[in-house]
Amino acid sequence: MIENLIILPVIAQLFIAIFLLIFWRNTGLQKLVSVFGSILAMLAAIWLFAKVWGEGIHIMNAGNWNAPFGIVFVADVFSSTMVLLSSIAGLAVSIFATASVSRQRAQYGFFPVFHLLIMGLNGAFLTGDIFNLYVWFEVIIISSFVLLTLGGRKGQIEGAVKYMAMNILASMIFLTGIGMLYGITGTLNMADLALKVAAVENRNLINLTAVFFIVGFGIKSAVFPLYFWLPSSYHTPPSAVAAIFGGLLTKVGIYALFRIFTLIFVPDLFLETLFIVIAVLTIMTGAFGAAIKQNIRRMFSYLIVCHIGFMVAGLGLFNKVAMMGALFYLIHDIVIKTNLFLVAGVIRNIGGSMYLDKLGGLYANWPKTSILMAIVLFSLVGIPPLSGFWPKIYLFEGGFMEANYFFVGALIIGSFVTLYAIARLWVGAFWKDAPDEEIDRSAVFGVMDFVRWPRAKQSLLIIPIILLAVVSLYFGLFAEHIVVLVDHIAEEMIDPTPYIQAVLGKNYSP
Amino acid sequence: MELVLVLLIGVLYSAGFFLILRRSMVKLLLGITFLGYGVNLLIFLLGRITKGKPPVIDETANFFTDLYADPIPQALILTAIVISFGLQSFAIVLLKRVYALLGSDDLDDLNTPEDDDI
């Protein structure tokens, strides 16, 4: 019975969504349910994490069909960490959404779909069956389609077409890979696949199948050269939606890459080289894209792409230190990217624009809020001792251990251009004087004018930023805790025997 | 039978990718649909085609003694069909909405200057 509770974070989100559907008309109550439900779901995720951290890997056989025949859910430290992070990000965004999402969007079902999206993410993190992973990916993309198009402005719809086409294509390619894998091995259970794929003698066939997975997950996680849909769609939806997309949707692709390419396809020289080349090009294109953009959210979109490269590099270097760096970066990145888009939303609510040339004077007028945003921005850049700094140290060391100076160079350039982009943002939006022409606030915002809101409502936008900033300060100032965590996860990845034995029983070993 | 399916899958994949690369939105939609069919047939083919052998264990035996038709690919295809049905109907509605907003079927017209909202 207790084993069934490992899918509690998934079930919790599902029940919140159903509960919200009951109050379809009453948006005020929906907001309340959404926030309290998110708190409960976060408690469930904390419970799951504590349980897995204390007792080791837990599995649940759906319908009591034992693995490898039935669908299995696996909670190991990696997946429960990801569930915990997605719940924290979900809570922050849900608080932010109560004040920032317009009444019309809430009436058309923003909150239920938002919780279904988080449910899909949690399901994808917890599943141990590769076809089930595909199904969770579909749950995620269909919810994200709705969130992206909700409101129906022209820019949103245009962004949604690109997003939809690329994501459906990615799913098809991923499904092709699953079909080939099933044809080769006759199983869909990931632990069973790990054993059976390792035993296949025709390595070229395995590498060919692996490429399907790289392309499928590559589109979803926006690596070079498959990232173009991301900067052309992430700047269109409301800030709350952009935050959850930027924080979690690309990261679930990275999670799947890490899971599949440490468990099923262990990288050989071909795959390692491929990953390094992808990583370096992703870092470079993302960094230079971010350096020239005037629209803040477009700049952040390119920074997502840039930093995805750091994580993919961990797989390419494939030693423990680099993996630890990449995992630490993944943990840091989920929190910080969610927060960045929330910050962008507040900047837009205060300044009336997303464009650097139309912004200015934020520091003079809003000093306390600006200091808070500075913590977020400096964490992203990785100024020691904030959270972006520590993973890069590990990635450097990992790069030097493999003598891969090509990657180390890209990492340095990527970090510097991130610093440049953030400095440009700081100067353009915070230090520069406000532009001369006054914007007509009532025309731009209508009832959504942040400056005229009562203080309690204003703080609904600031509290989630504080929450996530505290989490990333914790990652930075107590980095030794996170290092212990990622050390454990990297251990699990390099030697997946405990995972396989937990799923298939003690008798199996690779 | 296998050879026919292999050729058909090849045609569906290539037609699908070709149509996705066109500028027309309707062709994009058709391309996605063709790719979906191609993937489903691929799973069907790779699950090994066995005719007239249901996956039922004989009463007298404890395990399969003969080749049998694998039910899993069919379950997978069924799931994939349902999912792609949902996605495609969403895509149709979205593209219809785009057409209503832009009055154009051309994907290259999707680049109106960014409006600055929210």
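**Notes on chains A and B**

1. Chain B has 3 helices and 0 strands. Along its sequence the order is α-α-α. The model is a predicted one.

2. Chain B has a radius of gyration of 21 Å, whereas the globule rule gives 13 Å for 118 residues, so chain B is more spread out than a compact globule. Along the principal axes, its C-alpha atoms occupy a box of roughly 70 × 35 × 20 Å.

3. Of the 118 residues in chain B, 25% are buried. Where contacts in chain B link residues at least 6 apart in sequence, 55% of them join residues at least 24 apart.

4. The two chains meet through 29 residues of chain B and 33 residues of chain A. On the chain B side, α2 (25–46) and α3 (71–102) each supply at least two residues. The most comes from α3(B), with 12 residues. Sorted by class, this side of chain B holds 19 nonpolar, 5 polar and 5 charged residues.

5. In chain A, helix α17 (residues 405–431) has 27 residues. From first C-alpha to last it reaches 37 Å, close to the 39 Å expected at 1.5 Å a residue.

6. The buried residues of α17(A) include A:Phe407, A:Leu411, A:Gly414, A:Thr418, A:Ile422, A:Leu425 and A:Ala429. An α-helix has 3.6 residues a turn, so residues three or four places apart point the same way. The partners that the buried residues of α17(A) pack against are α11 (269–292), α12 (296–317), α13 (320–351), α14 (362–365), α15 (367–381) and α16 (389–401) of chain A.

Key
Residues numbered from 1 in each chain as written. Chains lettered and ligands numbered in written order. Predicted model: local features only at pLDDT ≥ 70, side-chain atom pairs only at ≥ 80, totals over all residues. Contact = placed C-beta atoms within 7 Å. Helix = DSSP H or I, 4+ residues; strand = E, 2+ residues; numbered from the N terminus. Nonpolar A, V, L, I, M, F, W, Y, C, P; charged D, E, K, R; others polar. Expected span 1.5 Å × (residues − 1). Buried ≥ 20, exposed ≤ 12 C-beta atoms within 10 Å, placed from the backbone. Rg over C-alpha atoms; globule rule 2.2 N^0.38 Å.
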